[in-house]
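Thanks for coming. I will go through one model today, starting with a term and then moving from one region to the next.

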Amino acid sequence: MRTVLLLGPDDGVTAVIAARLAAGSEVVREPRGKLDAAVYRPRLRGRKLALPDLEEAAERLRACAAARPAKLVLISSAAVHSPRYSHPGHVGEAFRISGGTPLARAWIELEALAERLLPPGSETLLTILRPVAVLAPDSPDYLSRLLHGKFAFTLAGHDPTVQLLTPGDLAEAVALAVERGRPGIYHVAPDGAVPLRAALRHAGARRIPLPRTMQRLARAVTARLGWADPVGQLDVIRYSSTVSNRKIKDELGFEPSAGDSGFDPYGMDKDYIAAFGRTLFRFLHRHWWRIETRGLEHVPRQGRTVLVGIHRGFQPWDGVMILHTIATQVGRHPRFLMHPALIKFPFLANYMTRLGGIIACQENADWVLGNDELLGFYPEGIRGAFSMYRDAYKLKKFGRDEFVKTALRNRAPIIPFVTLGSAEAFPMLGKIEWKWFRKHTDWPFLPIAPPFLVPLPSKWHTRFLEPMPIHLSHPPAAADDPAVVREISLEVRRRMEEALQDMLRKRKSIFFGSLDP
């Protein structure tokens with residue numbers, strides 16, 4: 001029988017791990033004789049922040065290394081990935097955010113400590129598990145304590161998507177690492193994710209949303225007395241920081257018991273979209289901007305497609321109207337890649353996420369198309385959205401042509417689309433270069449765009465152009481050919497420019513009239 005050394009705090013989670021390991025191994029709690037494997041779950045210090053105790057960890061890990069087990073399993077934490085507005089969601093093990101919170105740095109140091117303490121030339125295989133928040137009444141994890149309390153103080157205007165793990169699932173991952181484990185780092189997470197608000201409602205915790213400034217002031221005082229969680233924990237309930245479980249499923253055969261949560265993994269809420277579609281979006285589309293749409297027959301009723309458009313006006317109303325049009329007339333819900341700065345602002349963060357906004361990165365784009373969905377690109381980036389009105393309908397550079405590479409890599413057609421009239425809703429007449437504003441918003445400048453809050457009732461015209469089935473004429477490998485990518489990008493840009501100029505020639509008024517004879 002396999003002999004496994006289990007070191008960790010005497011709590012319910014460790015007890016569940018011990019029970020699972022005992023099903024196929026002899027579990028000991030102190031080093032003795034020959035060991036087949038050692039499992040170390042660190043004790044945590046601090047009344048609220050719950051940092052791993054690195055001094056105790058060094059002592060315990062030295063004892064493990066001295067016993068020369070065939071395998072050493074370290075239970076770290078997915079908290080190595082700091083919650084941040086630029087976190088793209090469902091990240092892999094190699095993902096890193098520069099800087100990081102004190103909690104993230106402490107877990108990273110624990111992992112580095114385990115690697116350093118293994119003697120040179122050691123035959124011990126080191127497997128590091130990074131579980132997400134483990135739900136247990138005595139768990140020191142911040143989210144677990146939040147869900148097990150009667151009251152939960154959250155941030156007004158933020159509802160991040162969270163992942164929650166059962167002690168049984170963590171125990172199963174540990175057993176698999178002992179039985180089949182290979183050296184490396186593995187995230188331990190469920191298949192599904194859930195909005196924090198829904199998780200609190202399910203747990204029976206009464207949610208009390210407070211503004212961030214109020215929470216920061218209160219926590220700065222009460223955290224010193226141990227009455228409340230530190231200010232640094234606020235980002236846990238402000239930003240999503242989900243991780244991918246693909247590697248542990250593929251390599252160790254881990255299958256979480258929780259399964260799909262029933263919620264969208266990135267926070268899209270189709271009921272929310274439909275509710276706005278019956279009220280505000282319908283009013284804006286039909287009566288305020290009186291949007292005329294042509295070419296909607298080009299948008300496929302099924303299958304993956306890359307939609308490529310232009311975005312004007314520093315507020316994302318043109319993208320919202322495209323979403324509403326396709327949702328109501330085609331029955332599909334495109335996801336638009338968005339700048340992470342939109343996640344920084346309360347209420348706007350919830351709004352954009354629930355409408356299907358997804359942080360712009362290659363992994364997220366591949367995920368959308370891999371699920372045969374519609375993916376929206378604005379290749380001019382944030383500079384296009386902040387175009388001065390005098391240049392509103394002059395296309396900017398298409399950046400690094402990532403939309404072409406994404407379409408080729410995922411064998412998806414491209415459908416260009418253009419909107420005329422959205423630039424007049426918030427005409428950008430000037431700008432203020434302000435370092436403080438740029439630092440805190442990630443906007444290139446403070447726009448002077450009257451009427452600032454209420455958009456002008458300009459007349460909008462949208463055209464979806466004919467599909468470009470580039471996946472039929474080029475293999476996925478063409479995504480790595482700069483000449484092919486550039487040629488396709490220029491052709492997309494040419495079609496969009498021609499359509500815009502044609503629409504501008506036909507437009508008689510900014511506020512009235514149709515483009516059709």
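A helix, in the way I use the word here, is a DSSP run of H or I with at least four residues, and helices are numbered from the N terminus. This is a predicted model, so please keep that in mind throughout.

With that term in hand, look just past the end of helix 13. Most residues other than glycine have a negative phi. Two more residues belong in this part of the talk. R290 is not a glycine, and its phi is positive as well, near 50°. R290 sits in the loop between helix 10 and strand 15, and with a relative accessibility of 23% it counts as partly exposed. F347, again not a glycine, has a positive phi of about 70°. Its loop is the one between strand 17 and helix 12. At 56% relative accessibility, F347 counts as exposed.

Back to helix 13 itself. Which of its residues are buried? They are N364, A365, V368 and L369. These residues lie on the same side of helix 13, because the arc they cover around the axis is only 130°. In an α-helix there are 3.6 residues a turn, so residues three or four places apart point the same way. As for what covers the buried residues of helix 13, the list includes strand 16, strand 17 at 335-338, strand 18 at 358-359, strand 19 and helix 15.

Next, the nonpolar cores. The largest one has 38 residues, and I414 and V492 have the most contacts inside it. Six elements each supply at least two of its residues: strand 16 (305-308), helix 13 (362-370), strand 19 (374-377), helix 15 (402-409), strand 20 (414-420) and helix 19 (482-506). Helix 19 gives the largest share, 8 residues. Apart from this core lies another, of 34 residues, and M321, L355, I359 and F437 are among them.

What does I414 touch, leaving aside its neighbours within four places in sequence? Its contacts are V306 and V308, then F403, V404 and A407, then E466, P467, M468 and I470, and finally I488 and V492.

Staying in this region, consider D401. It lies in the loop between helix 14 (382-385) and helix 15. Is D401 buried or exposed? Its relative accessible area is 5%, and since buried means under 20%, D401 is buried. The side chain of D401 makes a polar contact of 2.6 Å with the side chain of S489. Neighbours within four places in sequence aside, D401 is in contact with V485, R486 and S489.

Now helix 9, residues 270-278. Y272, I273 and G277 are buried there. Their arc around the axis is only 140°, so they sit on the same side of helix 9. D271 and R278 are exposed, on the other side of the helix. The cover over the buried residues of helix 9 includes helix 10 (280-288), helix 11 (317-329) and helix 12 (348-354). At the start of helix 9, a side-chain oxygen of D269 comes to within 3.1 Å of the backbone nitrogen of D271.

On to the cavities. How many cavities of 30 Å³ or more does the structure hold? There are 5. Strand 23 gives the most, with 3 residues.

The last stop is L155, in strand 9, residues 151-155. L155 has 0% relative accessibility and counts as buried. Not counting residues up to four places away in sequence, L155 touches L210, P211, R212, Q215, L234, I237 and R238. One distance to go with that: L155 and V27 are 128 residues apart in sequence, and 43 Å apart in space from C-alpha to C-alpha.

That is the end of the tour.

Methods
Residues numbered from 1 in each chain as written. Predicted model: local features only at pLDDT ≥ 70, side-chain atom pairs only at ≥ 80, totals over all residues. Heavy atoms only, no water. Core = buried A, V, L, I, M, F, W, Y, C linked by side-chain atoms within 4.5 Å. Buried < 20%, exposed > 50% of the residue type's maximum accessible area, 1.4 Å probe, protein only. Contact = heavy atoms within 4.5 Å. Arc of directions from axis to C-beta. Polar contact = N/O pair within 3.5 Å; in protein donor to acceptor, adjacent residues only side chain to side chain. 1 Å grid on protein atoms, 1.4 Å probe; cavity = no way out; pocket = protein on both sides within 12 Å on 5 of 7 lines; lining within 4 Å. Points joined across faces, edges and corners; volume = space filled by probe spheres on them.
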